[in-house]
Amino acid sequence: MLYDVRGKKVEQGEGYLLVYCPEYPEAKTNGYVLEHRLVMANYLGRPMKPEEHVHHINGDKKDNRIENLEIVSNAEHRKEHWKKHTQEDVERLTKISRERAEKVKIPRKLIPCACGCGEMIWNYTDHGRPKKYVQGHNQRGKSWRWKKNEQK
């Protein structure tokens, strides 16, 4: 099924273009869809899967020609965007994130892992991000437990 990419277009805050296409499965409640996902769905002949990311090869978020788009996994997409950062940038961003968390004074306490494995974890990371699961657990609601011989 082909989706109409000629609908009304608006620019999103991050620079992406949204197209009015309420019949697309990923359409927001107002009927708008990210144009690059719609273009890729038309190219593939099927709706995009939630775990599929569309990367703009030349970095221009408004250039939604199929030659400029590629499907990548979430990990590949993050890695691609972090390539342009130097180690100094990463350290600077980490420092800013930690300072922000310290400024907000997030109360940290030990909580049980949400999967029920029995591990106790901090409710927030050093960067102030909330946590519910031990790192490495499947966070999509599937049960996961440490094997007895793997416990530390």
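Residues are numbered from 1 along each chain as its sequence is written, and side-chain values use heavy atoms, with hydrogens and water left out. Because the model is predicted, local features need pLDDT of at least 70 and side-chain atom pairs count only at pLDDT 80 or more, while totals for chains, interfaces and linings use all residues.

The secondary structure of the chain consists of three helices and seven strands; helices (H or I, at least four residues) and strands (E, at least two) are DSSP runs, numbered from the N terminus. Read from the N terminus, the order of elements is β-β-β-α-β-β-α-α-β-β. Of the 152 residues in the chain, 27% are buried, where buried means under 20% relative accessible area, exposed over 50%, and partly exposed in between (1.4 Å probe, protein chains only). Among the contacts in the chain with a separation of 6 or more, 25% involve residues 24 or more positions apart; a contact means heavy atoms within 4.5 Å.

Confidence was examined through pLDDT, the predictor's confidence in each residue, from 0 to 100. The mean pLDDT of the chain is 78, and 81% of the residues score at least 70. Confidence is highest in α1, at 91, and lowest in helix α2 (residues 74-82), at a mean of 74. Over residues 141-152 pLDDT stays under 50, and the model has 10 contacts beyond four places in sequence for this stretch.

Three strands make up an open sheet with the order β1-β2-β3 and antiparallel pairing. The edge strands of this sheet are β1 and β3, each of which pairs on one side only. On average, neighbouring strands of the sheet are turned by 35° against each other, direction ignored; axes are lines fitted to C-alpha atoms, for helices over the stretch in contact, and angles run from 0 to 180 degrees between N-to-C directions. Strands of a sheet pair through backbone hydrogen bonds, either parallel or antiparallel. Two strands are taken to pair if DSSP finds at least two bridges between them.

Strands β1 and β2 run antiparallel and are joined by three bridges. K9 has V19 in β2 as its bridge partner. The two strands form a hairpin with five residues between them, and G15 in the turn has a positive phi of about 100°. Three bridges also join β2 to β3, again antiparallel. Across this pairing, V19 stands opposite V33 in β3, and L18 stands opposite L34 in β3.

The structure holds one aromatic pair; rings of Phe, Tyr and Trp (its six-membered ring) pair if their centres lie within 6.5 Å, with planes under 30 degrees apart counted as stacked, over 60 as edge-to-face and the rest as tilted. The ring centres of Y20 and Y32 are 5.4 Å apart and the ring planes stand at 70°, so this pair is edge-to-face. Y20 lies in strand β2 and Y32 in strand β3, 12 residues apart, and the pair thus links distant parts of the chain. Y20 counts as partly exposed at 40% relative accessibility, whereas Y32 is buried, with a relative accessible area of 12%.

Helix α1 (residues 35-44) is largely enclosed by the rest of the structure, because eight of its 10 residues are buried. The buried residues in α1 are E35, H36, R37, L38, V39, M40, A41 and N42. They pack against β1 (9-11), β2 (17-20), β3 (32-34), β4 (53-56) and β5 (69-72). After α1 comes G45, whose phi is positive, near 80°.

With 43% relative accessibility, R98 counts as partly exposed. Its C-alpha atom is separated by 9.3 Å from that of T125, which is 27 residues apart from R98 along the chain.

A search of the whole structure finds zero disulfides, a disulfide being a pair of cysteine sulfur atoms within 2.5 Å. C21 counts as buried at 1% relative accessibility, and C113 is buried with a relative accessible area of 5%.
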